[in-house]
Amino acid sequence: MKLKESLLLFISIFIFMSCNTNKTSEDPEKSYPGIINVSGESKPIDQTYVDERLSIYVPFELKTDLTHLSDNERKIVDILWEVADIMEDLFWQQTIGQRDNFLKSISDENTRKLVEINYGPWDRLNNNKSFIQTIETKPQGANFYPLDMTKEEFENFECPNKTSGYTLIRRDEQGNLQSVWYHEAYRVSLQKASDLLKKAATFADDEGLKRYLELRAQALITSDYQASDFAWMEMQNANIDFVVGPIENYEDALFGYKCAFESFILVKDLDWSAKLAKFSAMLPQLQSELPVSEEYKKDVPGSDSDMNVYDVIYYRGDCNAGSKTIAINLPNDEEVHKQFGSRKLQLKNSMKAKFDNILYPIAELILDDSQMKHVKFDAFFENVTFHEVAHAMGVKSTINGEQTVREALKEQYSSIEEAKADIMGLYLVSELYKKGEITSGELMDNFVTFFVGIFRSSRFGAASAHGKANMMRFNYFEQTGAFTRDAQTGKYTVNFDKMYDAMISSVQQILTLQGDGNYEATKKLIETEGIVKPTLQQDLDLINASNIPVDIVFIQGKDKQ
């Protein structure tokens, strides 16, 4: 281990001793009651609702060709299945707590399936509506915080670790708040996962993969992930990849601090990856050309960013909850972004499943026939790809240098960041067309496909950060005349010039809000524009009535390969 990494580990272990009183309990979260009180049978509020909501998911079998993997790579994948399943169990603990007792209380098979898709009794694609009797609104803080904790109590809680992405907030025996590190709360599970990763590392012929697996194994039992994030950034040549750990903070809708466990097992698509390799070196130049003043683009992304294409063979935990992720932009650590950028992993088999089964049928329903020729998978692929690229660009710290944007915007950060990635991703595509770097189609393909994509994603509801971002995009395009809607047919036509202008002004608006760290203005924008307005709702109802699936649900597992 390098000296820098050893020093970081020593410091982190020293710091982690504070604010944590759970030193003797072997696995305290196993006995923690969670946020659902099971008493008797858990019945659906409306059986028809459950049956209808289950039908919005189209099954898709996750599999890919593994014949190009070596014997050692196959041995690694065999181990990763086990680690991924541990992340699945941990995410359930973070969402509701006691999973098994709750599932056993449900006798209806469809209700149980809907609970499993949503990792709880709240419909993630319908504004977290409860579909179980006796269970009301989903707690904003999920199972990361005590149910009876107020925001004021949290703000008054003096502990430097309370805002960490890797701590739970619990009450001690006296009822006072305390901060508990994940590696203490989930000690047994994370030690097992760590041991398995160390075992997998022994089979790794690729030095980058080996080093990442070893450091990630250590991170799971220390809650110090930065060294393994750097190692993951450097691991760009392996045929397999494994995203694992507490990563995204969407599940914490109270403050947006806490990270949820998830895992992806990925196999590289060598042909498609080669097509994207040339774009990584261009990121600093693209950042410098953003249409804002210098202070709003001062955080230049690293040029070592990795852009590759993968097929996914396993989703577990947070990434499998509700709507399915089709691209990855990680790590989230701002320091890693500044030094190295990020890795953008496009999940081709999942992306193609959504395009074929959902996006294209929606286009046939709502788009003027003259523009159907512009709805293309390559454009969808490019839009999603550069959405992820955009996450690593823009501004990471407020222009006064006092806070990160994430800290300044608090619980509003995820929604405005997704809105930024949406529109800046489209802007980046337009710039690459100008430079002659994308030549496979025309920019109008990306504009029209992007517009149809808003309808696809808006069906996820306004409860999620992604949902709010899509509402904001549609409403802004409507205000700026970027599209027209025929009153008689209900069909939409994209106006190229006005959409281009709206794209530029939206990038400027969002980067300014982020750079200024303007919490109140950001909150107002999301509250007024991150909602479904009547015209959009009318068309979403039409789409829903057409039996077009809302999302995919995976048929997956080791036996499917």
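This briefing covers cysteines, cavities, backbone geometry and a few selected residues. The structure is a predicted model. A search of the whole structure turns up 0 disulfides, and 2 cavities of 30 Å³ or more are present.

**Cysteines**

- The structure holds 0 disulfides.
- For cysteine 259, the closest cysteine sulfur belongs to cysteine 319 and lies 14 Å away, so the two are too far apart for a bond.
- Cysteine 319 likewise takes part in no disulfide, and its nearest cysteine sulfur is that of cysteine 259.
- Cysteine 259 is buried, with a relative accessible area of 10%.
- Cysteine 319 is also buried, and its relative accessible area is 2%.

- By type, the lining residues of the second largest cavity are 3 nonpolar, 4 polar and 3 charged.
- The phi angle of asparagine 128 is near 60°, which is a positive value in a residue other than glycine.
- Asparagine 128 has a relative accessibility of 22% and counts as partly exposed.

**Other backbone features**

- Threonine 134 has a phi near 75°, a positive value in a residue that is not glycine.
- Threonine 134 belongs to the loop between S3 and helix H7 (151–156).
- With 79% relative accessibility, threonine 134 counts as exposed.
- Proline 331 is in the loop between strand S9 (327–330) and helix H14 (334–340).

**Threonine 398**

- Threonine 398 is placed in the loop between helix H16 (377–391) and helix H17 (405–409).
- Threonine 398 counts as buried, at 3% relative accessibility.
- Its side chain is joined to the side chain of asparagine 400 by a polar contact of 2.6 Å.
- Apart from neighbours within four places in sequence, the residues in contact with threonine 398 are Lys298, Gln403, Thr404, Val405, Ala408, Gln514, Gly515, Asp516 and Gly517.

**Residues paired across the sequence**

- Valine 188 is part of helix H9 (residues 187–201).
- Valine 188 has 38% relative accessibility and counts as partly exposed.
- Between valine 188 and aspartate 27 there are 161 residues of separation in sequence, while their C-alpha atoms are 6.2 Å apart in space.
- Alanine 462 is located in the loop between helix H19 (443–458) and helix H20 (465–480).
- Alanine 462 and leucine 125 are separated by 337 residues in sequence, and by 8.3 Å in space from C-alpha to C-alpha.
- Not counting residues up to four places away in sequence, alanine 462 touches Asn127, Gly467, Lys468, Met471 and Gly530.

Terms used
Residues numbered from 1 in each chain as written. Predicted model: local features only at pLDDT ≥ 70, side-chain atom pairs only at ≥ 80, totals over all residues. Heavy atoms only, no water. Disulfide = S-S within 2.5 Å. Buried < 20%, exposed > 50% of the residue type's maximum accessible area, 1.4 Å probe, protein only. Helix = DSSP H or I, 4+ residues; strand = E, 2+ residues; numbered from the N terminus. 1 Å grid on protein atoms, 1.4 Å probe; cavity = no way out; pocket = protein on both sides within 12 Å on 5 of 7 lines; lining within 4 Å. Points joined across faces, edges and corners; volume = space filled by probe spheres on them. Nonpolar A, V, L, I, M, F, W, Y, C, P; charged D, E, K, R; others polar. Polar contact = N/O pair within 3.5 Å; in protein donor to acceptor, adjacent residues only side chain to side chain. Contact = heavy atoms within 4.5 Å.
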